[in-house]
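Biologist: Pick one part of this model and take me through it closely. Then place it in the rest of the chain.

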Amino acid sequence: MAAIEILGLEKTYTVGFWRKRAKCALRPLHFNVEEGEIFGFLGPNGAGKTTTLKLLMGLVFPTGGTARILGREINDPAMKAQIGFLPEQPYFYDYLTAPELLEYYAQLSGVAPKERGRKVGEVLGRVGLPDVGGVQLRKFSKGMLQRVGIAQAILHDPKVLFLDEPMSGLDPIGRREVRDLMEQLKQEGKTVFFSTHILSDAESLCDRVAIIHLGELRGVGVVADLTSSVEGKVEVVWQGNLVPAAVKTMTTEYHLTGDTVRAVVLEGNQDAAIDALRRDRLRIISIIPVRTSLEEYFVRKLKPSEAAAGARS
Amino acid sequence: MSSRIAYIAFNTFREAVRDRVLYNLVAFAVLMSGAAILVGQISIGIERLVVVNLGLAAVSLFGMVIAIFIGIALVSKEIDKRTLYTVLSRPVQRWEFIVGKFLGLAGTLVVNTVFMAVGVFAALLYVSPHFQVADTWILVALYFIVLQFLIITSLALLFSSFSSPLLSAVFAFSLFVIGSFSEDLRGFAALAQGATRWLATAAAYLVPDFSSLNVISSVAHGQPVASQLILSNTLYAVVYAGMILCGAVVIFEHRNLK
């Protein structure tokens with residue numbers, strides 16, 4: 001069963017003093033997120049990621065279309081008890097301490113009074129903030145606030161998590177910890193829907209991704225499928241600092257690093273290149289087919305509109 | 001009542017306390033102490049009148065300032081700072097949030113008024129050796145002041161649900177001033193002719209009637225307050241604040257939180 005079904009969700013804002021100018025923030029969006037998967041929602045800044053999340057959270061109302069989470073409408077309070085949400089660059093009631101804030105959210109989420117204290121302590125430990133008891137949130141760093149944000153999202157043991165740029169503001173160790181936490185959540189059977197513009201995070205974590213740009217969905221798929229298309233090229237790596245003349249004529253690009261050379265040649269020229277290297281008694285280290293990275297796929301998906309935008313201007 | 005409303009109300013109260021809103025009590029205490037000592041020295045026979053007038057006017061003014069300046073930011077601040085996102089993404093309905101916020105600020109004002117009332121009675125005890133039976137009407141005047149707070153809080157909340165804090169403050173303060181002269185407005189409507197009469201009458205009924213809720217002067221002179229007035233004022237304030245609150249809920253239910 002799909003955990004999240006987005007059925008033609010779209011949003012147009014009216015802007016200007018008289019609110020007569022329409023600005024399309026999201027074109028009709030269609031895709032599903034299956035239960036138990038980590039789903040990456042990718043796009044550059046201003047692509048429509050946060051708008052989509054706000055629509056799913058019921059913070060803004062769609063101009064058209066609808067969505068269902070766990071089979072229920074997005075404004076259903078019973079459904080909201082089963083989801084967790086981390087907004088982008090979260091800001092909390094800064095006059096509260098972290099345990100007070102989480103206690104408040106536990107109350108609003110309907111966590112049983114007996115369990116609240118235990119759950120608050122548990123999630124604070126889980127996000128690496130076990131000893132922040134009496135400190136008000138106004139004294140927290142950006143990274144600590146992000147951790148509190150993650151804690152409040154997972155506090156009530158939700159089935160589906162919506163995380164808007166969860167790695168934002170975290171140092172490398174913090175990012176690693178969040179990645180580990182997301183993997184743990186997946187192992188616990190939770191569905192994680194997260195937006196990011198950092199592709200390495202998506203590539204290392206996601207089962208599937210969707211790419212959005214200028215409010216338009218550009219592609220959805222399994223990360224491995226998107227990145228597995230062979231480009232008809234191979235990367236040949238050998239030891240030494242010599243590039244035989246025969247190889248130079250075949251290669252599209254080569255790089256010399258220390259005593260290692262990397263050259264990309266067309267698949268058809270692979271054998272000829274290997275022969276040339278052997279003739280010069282150069283030790284071949286590896287021959288690997290060149291595959292599309294998520295970044296290349298992402299850039300390719302974004303390019304058509306940019307070209308069109310350029311043509312319009 | 002939904003328990004979520006109580007949690008939101010308590011958090012609003014806690015915010016006011018932690019933001020040192022109740023520190024106004026210190027200023028009030030200084031004012032009342034100074035007034036009591038000064039009045040005791042310069043007034044002969046009218047100490048009670050001056051202390052009650054000054055004390056109740058100060059209770060009203062301090063409370064109104066708190067109601068307007070906190071009320072106008074109740075919703076807009078939550079939207080600007082995006083603290084609302086993590087509340088409304090939980091099983092909290094928008095109307096529960098508005099009602100919780102209203103009750104939280106109303107609770108803050110009631111607590112504030114209780115402390116100030118203690119100050120007024122302490123000052124009264126300082127200038128006259130013992131309480132009189134007529135002093136119980138001061139409690140009624142304080143009750144009417146609280147009813148005024150409920151109305152102005154609901155208005156501030158209404159404006160906060162769709163407008164910027166600055167405009168909300170202007171609207172709320174304007175209505176407070178106009179409402180304080182609502183009796184004069186009704187008098188003007190009775191004298192006016194044609195369209196002016198209709199407009200003035202409509203305005204007189206639309207703006208909050210703070211004139212009827214102001215019995216400070218008569219209470220200061222030891223005059224009793226009719227039980228019928230207590231009942232009608234209570235009904236008026238509850239219905240008026242309730243309707244305004246419904247308006248705030250309707251607006252907020254349809255608002256996109258950008």
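Modeller: Start with the contacts. Among those in chain A between residues at least 6 apart in sequence, 70% join residues at least 24 apart; two residues are in contact if their C-beta atoms, placed from the backbone, lie within 7 Å. This is a predicted model: local features need pLDDT of at least 70, side-chain atom pairs count only at pLDDT 80 or more, and totals for chains, interfaces and linings use all residues. Residues are numbered from 1 along each chain as its sequence is written, while chains are lettered from A and ligands numbered from 1 in the order in which they are written.

Chain A has 11 helices and 14 strands. These are DSSP runs numbered from the N terminus: helices are H or I, at least four residues, and strands are E, at least two.

Six strands of chain A form an open sheet in the order S6-S7-S8-S3-S9-S10, with mixed pairing. Two strands pair if DSSP finds at least two bridges between them. At the edges sit S6 (83-86) and S10 (216-222) of chain A, each pairing on one side only. From one strand to the next, the twist averages 15°.

Look inside the sheet. In chain A, S3 (residues 38-42) and S9 (residues 208-213) run parallel, joined by 4 bridges.

H1 of chain A (residues 49-57) touches S3, S6, S7 (160-164), S8 (191-196) and S9 of chain A. The direction of H1 makes about 145° with that of S7(A); axes are lines fitted to C-alpha atoms, for helices over the stretch in contact, and angles run from 0 to 180 degrees between N-to-C directions. H6 of chain A (residues 172-187) also packs on the sheet, touching S3, S7 and S8 of chain A. The direction of H6 makes about 150° with that of S8(A).

Next, the partner chain. The contact takes 22 residues from chain A and 20 from chain B. On the chain A side, the elements giving two or more residues are H2 (77-80) and H3 (98-109). H3(A) gives the most, with 5 residues.

Last, confidence. Mean pLDDT of chain A is 89, and 96% of its residues reach 70 or more; pLDDT is the predictor's confidence in each residue, from 0 to 100. Where pLDDT is low, the predicted coordinates should not be read in detail.
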